[in-house]
Amino acid sequence: MDSKTSDQASTDVHLDPDEICRIARCLIDARRTMVLATQDRNVPWTAPVYYVYGEPHFYFFSSPRARHIRQAGPGKAVAASIFADSDQWLDIQGLQMSGALLEVKKRTERLKAIARFLIKFPFAKPFLQPEAKKLKGTPAIGEKVRLYAFTPQEIHLVNNRMAFGKRLPVKLQRRTR
């Protein structure tokens, strides 16, 4: 065996980048939760969040006081993964990503992301209502959470059926409408 690292070896798998992108997009569309990984003073932390994808960002809601938000300040690296649960090792597949996390402040971006979120998660509508509009007996969290965007700079697909033990680089391409 030569001295290549597993990352270098992943580029030796000659699969069509468009097919890798298609599989990654299917995984993104089919899953509901993303696990974020942060750290502070060499202490790691993970947090699962519901997400929607709106190129090139993964949007999610969280409390600004949540540990994963506090640890993901400006200039700090964040990792994320999305994966399909499986009972068979050959069916293991997922995305491994690294990038940055920021609060979404632009009104137009927020409105588009919220609309996507409510289409994918209609049960969230009552929770996101301001206190004055909440339904009786429904906790209002809309005023306690903010919208964030995880923007990956590096994405790799793990798919044991395609390339066992290899990480395949993913370039998410814009979908044509």
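This briefing walks through the fold, the packing, the cysteines and the confidence of one protein model.

The model is predicted, so local features need pLDDT of at least 70, side-chain atom pairs count only at pLDDT 80 or more, and totals for chains, interfaces and linings use all residues. Residues are numbered from 1 along each chain as its sequence is written, and side-chain values use heavy atoms, leaving out hydrogens and water. The protein has 5 helices and 8 strands. Helices (H or I, at least four residues) and strands (E, at least two) are DSSP runs, numbered from the N terminus.

**Overall fold**

- Starting at the N terminus, the order of elements is α-α-β-β-β-β-α-β-β-α-α-β-β.
- Of the 177 residues in the protein, 36% are buried; buried means under 20% relative accessible area, exposed over 50%, and partly exposed in between (1.4 Å probe, protein chains only).
- Among contacts with a separation of 6 or more, 67% link residues 24 or more positions apart; a contact means heavy atoms within 4.5 Å.
- The accessible surface is about 11300 Å², and 54% of that belongs to carbon and sulfur atoms. These areas come from the Shrake-Rupley method with a 1.4 Å probe, and for residues only the protein chains shown count as cover.

**The nonpolar cores**

- A nonpolar core is a set of buried Ala, Val, Leu, Ile, Met, Phe, Trp, Tyr and Cys residues joined through side-chain atoms within 4.5 Å.
- The largest one has 31 residues, and those with the most contacts inside it are M34, L36, F58, F60, L95, M97 and F150.
- At least two residues of this core come from each of α2 (17-30), β1 (33-40), β4 (57-62), β5 (78-84), β6 (93-103) and β7 (146-159). Helix α2 gives the most, with 6 residues.
- Setting aside neighbours within four places in sequence, F58 touches I28, M34, Y51, V52, Y53, I82, M97, Y148, A149, F150 and P152.
- Another core, of 11 residues, lies apart from the largest one and includes Y59, V104, F117 and L147.

**Helix α2 and its cysteines**

- The 14 residues of α2 should span 20 Å at 1.5 Å a residue, and the end C-alpha atoms are 20 Å apart, which agrees. The expected span is 1.5 Å times one less than the number of residues.
- The buried residues of α2 are I20, C21, I23, A24, R25, L27 and I28.
- C21 counts as buried because its relative accessibility is 5%, while C26, at 40%, counts as partly exposed.

**A look at V49**

- V49 sits in strand β2 (residues 43-50), and it is buried because its relative accessibility is 7%.
- Beyond its neighbours within four places in sequence, V49 is in contact with R32, T33, M34, L36, F60 and H68.
- V49 and S62 are 13 residues apart in sequence, and their C-alpha atoms are 8.0 Å apart in space.

**Confidence**

- The average pLDDT is 85, and 81% of the residues score at least 70; pLDDT is the predictor's confidence in each residue, from 0 to 100.
- Among the elements, helix α1 (residues 6-10) has the lowest mean pLDDT (43) and β5 the highest (97).
- Over residues 1-12, pLDDT stays under 50, and the model has 9 contacts beyond four places in sequence for them.
- Where pLDDT is low, the predicted coordinates should not be read in detail.
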